[in-house]
Amino acid sequence: MTRLSEATLAGLPGAIERPGYDRARVRIGVVHLGIGAFHRAHQAVVFDDALRSGDLRWGVLGVSLRSAGVRDQLQPQDGLYSVVVRDGETEHVRVVGAIQSVLVAPEGPAAVVEAMASPEVHIVTLTVTEKGYRLDPATGALIESDPDVAADLADLGAPRTAPGFLVAALAQRRRRGLPPLTVVSCDNLPHNGARVRAAVLGMAGRIDAGLAAWIAEEGAFPATMVDRIVPATTSDDVATLTARLGLEDRGMVKTEPFTQWVIEDRFCGPRPDFASLGVQLTDAVAPWEDAKLRLLNGAHSAMAYLGGLAGHDFVHQVVAVPAFAAFVGRLWDEAQTTLSPPPGLDIAAYRADLMTRFLNPALQHRTRQIAMDGSQKLPQRLLATIADRLAAGQGIEALALGVAGWIRWQAGVTEAGETYGIDDPMADVLADALRGTADPDARVRAVAGLASLVRAPLGTDERFIAAVGAGLSGIETRGVVAALG
Ligand code: NAI
Ligand code: CS2
């Protein structure tokens, strides 16, 4: 099948949106680490809008730190790919041209460092997943026992980790008398700017104190809140789009109409006119971040485990069940008392919008995809909320049931007997902790005792252990749906 490319772009059906600017004149101003689906549906679309506005400084060089998949999807397509926006029965397709090329870091780490050290590059964005920063989920410290972190600390000549590439590139820029970079984490982490800054300074400080001081003084690591539901693309998605375009686009992504990007107004160099592109610049990202991570992502994770165990493959199927929708409402009732909503955010309206987004059947958002990396997600999505509720002497029944669902998920078998793998960097640690536990209380204490997962003092709070234990006991003895209450 003929692929989407510069040569075939003009032949697309008329209704398909095209880049609309001369891609040959685009300069690369952004390097993105972690060229996955979310970047292509979110940040790259904003940079594409900047290019459409006539500011041709904002082309993107994508980098995968791990595999060649996306490079092999996009290179034959000259970097072009479709963003397929689905909302119920409606669909809109836009071909994005912002990504100029993709590098696969393990094939040539030096080329990635050189690209990041280019005088025309001012911004590095990242979506390397919560685990990609190599930080302890509970403490936020660099995991120096991580083999790749240890290798980077020993020799930055061929970096392996996101912090390693950032430090190597910043060192190269400093040697060449260039300004540092604005490093923009777009991962679902609280205080993501401070976290990536800590990872970079932690590594730089171990290598060259002067470099670390320069980065700390001159660099910028703005916090962000990012939001757009972007499920993993399936082969059926590609086939359906091929039928519509008459061309094959293996780099396509599917998403929803909603998109939001809130960025701390802290840059150390040039940037697009974000405000004109619908991006919210602020000096207070945390209230936006807390609301999104605790309401959207907290509900997502609780539904992924409880809904997945009950046999639901997709988010829209979970919330279509009244008992689950009511449970999500109770979880939000608990979570929202811990929030300080930013000006302009009406929590009741936000909750209603979230439920509408969850109910969108066209997204086909797999509960299994959300369930992955729970050890990296639950600290900010459920555990921090629980800690705040307990500190205020408030109940945590729904939140605790979400955690109980995650513990039960570790068994690797649904209530119908379907088995699945546990996709989590702490899967073995959790399996070892749970092995041989005799009852729900023992299972909860085994998990609560993992200091790199459950920050003190929550791990020894008997209220936490009792509430999660009650939830787990309900799931194990009465089943998920009955345990929902
Ligand atoms: P994806 O699976 O399409 O891409 C993940 C990217 O992260 C890949 O490039 C992969 O190579 C890289 N990666 C994974 N582990 C890594 C590691 N240890 N070190 C370096 N790179 C690593 O996933 P997608 O959908 O692009 O999501 C990525 C991240 O974006 C999420 O983890 C989340 O933090 C954020 N996000 C995702 C949303 C979504 O709906 N998909 C929405 C909002 C935020
Ligand atoms: C999801 C998020 O996979 C997951 O963990 O909860 O990727 C979610 O789709 C986004 O945060 C929505 O903005």
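The model is predicted, and local features need pLDDT of at least 70, side-chain atom pairs count only at pLDDT 80 or more, and totals for chains, interfaces and linings use all residues. Residues are numbered from 1 along each chain as its sequence is written, chains are lettered from A and ligands numbered from 1 in the order in which they are written, and side-chain values use heavy atoms, with hydrogens and water left out.

**The open sheet**

Helices (H or I, at least four residues) and strands (E, at least two) are DSSP runs, numbered from the N terminus. Two strands pair if DSSP finds at least two bridges between them. Five strands form an open sheet with parallel pairing, in the order 5-2-1-6-7. Its edges are strand 5 (99–104) and strand 7 (182–185), each of which pairs on one side only. On average, neighbouring strands of this sheet are turned by 20° against each other, direction ignored; axes here are lines fitted to C-alpha atoms, for helices over the stretch in contact, and angles run from 0 to 180 degrees between N-to-C directions. Strand 2 (residues 59–64) runs parallel to strand 5 and is joined to it by five bridges. Opposite Ser 64 stands Val 104 in strand 5.

A residue is buried under 20% relative accessible area, exposed over 50%, and partly exposed in between (1.4 Å probe, protein chains only). Strand 10 (residues 260–264) is largely enclosed by the rest of the structure, because five of its five residues are buried. In a regular strand the side chains alternate between the two faces of the sheet. In strand 10, Gln 260, Val 262 and Glu 264 point one way, and Trp 261 and Ile 263 point the other way. Strand 8 (residues 224–227) pairs with strand 10 in the antiparallel sense over four bridges, and Val 226 has Trp 261 as its bridge partner in strand 10. With strand 11 (residues 280–282), strand 10 pairs in the parallel sense over three bridges. There, Glu 264 stands opposite Thr 282 in strand 11.

**The two ligand sites**

A residue is near a molecule or strand if one of its heavy atoms lies within 4 Å of it. Around ligand 1 there are 22 residues, of which Ala 37, Phe 38, Asp 187, Asn 188 and Val 230 come nearest. This shell divides into nine nonpolar, seven polar and six charged residues. Ala, Val, Leu, Ile, Met, Phe, Trp, Tyr, Cys and Pro count as nonpolar, Asp, Glu, Lys and Arg as charged, and the others, Gly among them, as polar.

Residues around ligand 2 include Asn 188, Asp 227, Arg 228, His 300 and Lys 377. Helix 11 (286–309) and helix 16 (374–391) each supply at least two residues of this shell, and helix 11 gives the largest share, four residues. The shell around ligand 2 divides into three nonpolar, four polar and five charged residues.

A polar contact is a pair of N or O atoms within 3.5 Å; within protein, one must be able to donate a hydrogen and the other to accept it, and residues adjacent in sequence count only if both atoms are side-chain atoms.

| Ligand | Residue and part | Distance |
|---|---|---|
| Ligand 1 | Ala 37, backbone | 2.9 Å |
| Ligand 1 | Thr 127, backbone | 3.3 Å |
| Ligand 1 | Asn 188, backbone | 3.0 Å |
| Ligand 2 | Asp 227, side chain | 2.6 Å |
| Ligand 2 | Arg 228, backbone | 3.2 Å |
| Ligand 2 | Lys 377, side chain | 2.7 Å |

Taken alone, ligand 1 exposes 820 Å², and the protein buries 81% of that. Ligand 2 has 340 Å² of accessible area on its own, of which the protein covers 88%. Accessible areas come from the Shrake-Rupley method with a 1.4 Å probe; for residues, only the protein chains shown count as cover.
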